[in-house]
Amino acid sequence: HSHPHRDNNGPTPSCEHNESLLTVISMQNQNAAVEAITEVLLFEGLAVRRKKRWGITHPRQHDDPSWLATQQKTIFTVKNGAITYGVKQKRVDLNDPGLTVRILSQQMIFIGNPNGRSIRLYLTETGDSPQRWAEAIRHGRENRFGSFAPIRQGTNCKFFVDAKDYYIQLIEAIQNATKRIFLGNWWFSPEMYLTREDPLIEAHRLDNLLKAAAERGIQIRVFIWHCLPEVSIRSHMVTKHLNSLHENIYAISHPFIVPPTFSHHQKFAVIDDEIAYVGGIDLAFTRYDDGRYLVDDEDGSIYAGRDYQNLGQHNEKNGHEDEEVEDRTETPRLPWHDVMMQIDGKAARDVAANMIQKWNHAMDGLGSHPKGKIHLEFLDENIAISPLRDVCNRDTYPGISCQVLRSVAKWSCGLNGYESSIYESYLTAISRAQHYIYMENQFFQSSITSDAPKNKILEALYFRLHRAIRDKEKFQVIVLLPMWTSGKLDSLACTYVLHYRYRGISRGGDSLLERLHADFSDVNLNDYISFHCLRNWGTLEGHPVTETIYIHSKLLIIDDRIIIVGSANLNDRSMMGTRDSEIAVYCEEEASTLVPGQMGGRPYPVSNLCRDFRIRLWSHFLGIPRNDPRLIDPTVGYDLWIQHSNWNDKIYRTVFNDDLPELVRSRAQMKEMPPPKQVDTSHERLLRDLKGFVINLPMELMIDEKVKPK
């Protein structure tokens, strides 16, 4: 994991001259072998032939380019999942399905692939067992779902629903950092306040928070998407501002070419390689919400300036914090729902590994920059654990098996292929579900048999539901989506997205519901699967107004035993690996810590983490206490989703009548709609009878709009 150009502010591994890196990495047990070889193979290392043997050495001793030039024939590089060697830089791809790993002697391991390329690795002056190294190489290639990271047992986890609690925890983590901070986002707003006290706390403004950490000597690296000029998140403005704050803050946007085809969509934070946060929440305007899902804030006491936006009317707009975007007296705010997961230990280190790989790949392609080319390396694991974990691990769930998953490719992190482990995990988890599936996602673009979209998550869902209906199982699926994706409903982009969504759900002849109905015409499919949105109301100028709640989360919960939370949308861009870069974490409680639960009216061991996460969400959305016994069994809670959604739909349609966008069947109809009528205040009595926020996903939205996207 070494590189000739180092971050000189980071610690230097203890490594004497001529001592090989294999010697530095202790191989006391199999797990250590796996971790060591993963670091060596995923990141950068140089190997030189010494005394007619291949050995891996620390490159800091050989920074002199003239020395490297004299050694071209005897150097190979371990980089981005492949070993490159020789003057012509031949490659042995470590992800090749046909790769063979053989032990030739007590000091030699053979690695080869079907095209005839091979390499011999010598263990020099280590005394380590070649069997351990060979198994570690094989294991590193065979992580579950094809992930770069293995399963990490004994992880402490904590979930966050909506941004308020996550931001508060992140402030505490940043303030207690002792070494370095990694931040990766699609959108980043340095002038955003992470808390909303009255008055606002200047120390909690994001740029002030990072600057204060940098002044304490903390190294801060920020990695964001280099957006198109047409996208108003202004990545160039963000990096310029951050880099001006302090010499210890280095921010880049990637890729460096414009226009890019796809985006960096990962959302993560890593503190000291010990604590990491993964999910869907950007550190940006509009993302803050405290779970009240307010649609009004006329005095700007909570959502000041650019933080008050309605992304149902336009796309994200970055800029200075005090600049107004909407007329608060006329336009309701679009509330925002999202989730994050905190992990620690080796799982957090895997999130750091992801950042190191992406950052170093970007550095390799970086031109001139005022801060130079500074590559990253791992922190020394032998450094004593800081008090950070004590601060952040309050109220966590212990004993969780976690695995970090990704969508990455050559353009995004330099792989010689691609990784789509998030996609593989979705397919596996859905097909193996026994009792229920709960899904939240910003998108729902998949297919069963067609070529577009390419991902087959919908196919996995179809086959699992087909089996449940055929065998008369008690099995249910809840899907929570936004009414539509960001932007104006009558825009061509939104129309295209809705076309693909409904072609997968209920339209076009080959959708999920149409196929299941054809297979089981006498079955009420609503007993097995239901689709929902969220909606809230408030007052502007004294009169009731309403707005949908934007679902930005990317969450899958299975059987109260499995959680997948991350940044990946349910579409080809996020799932296929070669397009947007994404990150997620797969959490599953270890069998010894499962607790008594209920499923389908019968006893069923469940995970505390998964069950509590689900109940936290469901109780809030349904408007009932968390200790309501009906929430213990998800198959009972499923009926509440149906009942409360139907009830709330009736109230909203009574109060707001034809002004609701879910009743719009085409763009032409929308253009002919008169301005919304002012709702009489007497209707507030009805609105106060709403049961939570849930409503049904409208199945006739834009149904008459005929589009055929390329």
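Q: Which residues of H5 meet which residues of H6?
A: Contact means heavy atoms within 4.5 Å, and in this predicted model Ile171, Ile174 and Gln175 in H5 meet Leu209, Leu210 and Ala213 in H6. Helices are DSSP runs of H or I with at least four residues, strands are runs of E with at least two, and both are numbered from the N terminus. The residues of this contact divide into five nonpolar, one polar and no charged, where Ala, Val, Leu, Ile, Met, Phe, Trp, Tyr, Cys and Pro count as nonpolar, Asp, Glu, Lys and Arg as charged, and the others, Gly among them, as polar.

Q: What conventions lie behind such values?
A: Residues are numbered from 1 along each chain as its sequence is written, and side-chain values use heavy atoms, with hydrogens and water left out. Because the model is predicted, local features need pLDDT of at least 70 and side-chain atom pairs count only at pLDDT 80 or more, while totals for chains, interfaces and linings use all residues.

Q: At what angle do H5 and H6 pack?
A: Axes are lines fitted to C-alpha atoms, for helices over the stretch in contact, and angles run from 0 to 180 degrees between N-to-C directions. Helix H5 (residues 163-175) and helix H6 (residues 206-215) pack at about 20°, with their axes 10 Å apart; angles under 35 degrees count as roughly parallel, and H5 and H6 are therefore roughly parallel to each other.

Q: Is valine 404 buried or exposed?
A: Buried means under 20% relative accessible area and exposed over 50%, with partly exposed in between (1.4 Å probe, protein chains only). Valine 404, found in strand S17 (residues 397-409), counts as buried at 1% relative accessibility. Not counting residues up to four places away in sequence, valine 404 touches several residues, including Phe148, Ile343 and Val351, and its C-alpha atom is separated by 10.0 Å from that of valine 565, 161 residues apart along the chain.

Q: Where does aspartate 273 lie, and what is its phi?
A: Aspartate 273 has a positive phi of about 60° although it is not a glycine, and its place is in the loop between S13 and strand S14 (275-279). At 7% relative accessibility, aspartate 273 counts as buried. Aspartate 395 also has a positive phi of about 60°, but at 71% relative accessibility aspartate 395 counts as exposed.

Technical notes: Parallel < 35°, antiparallel > 145°, perpendicular 65-115°, else oblique.
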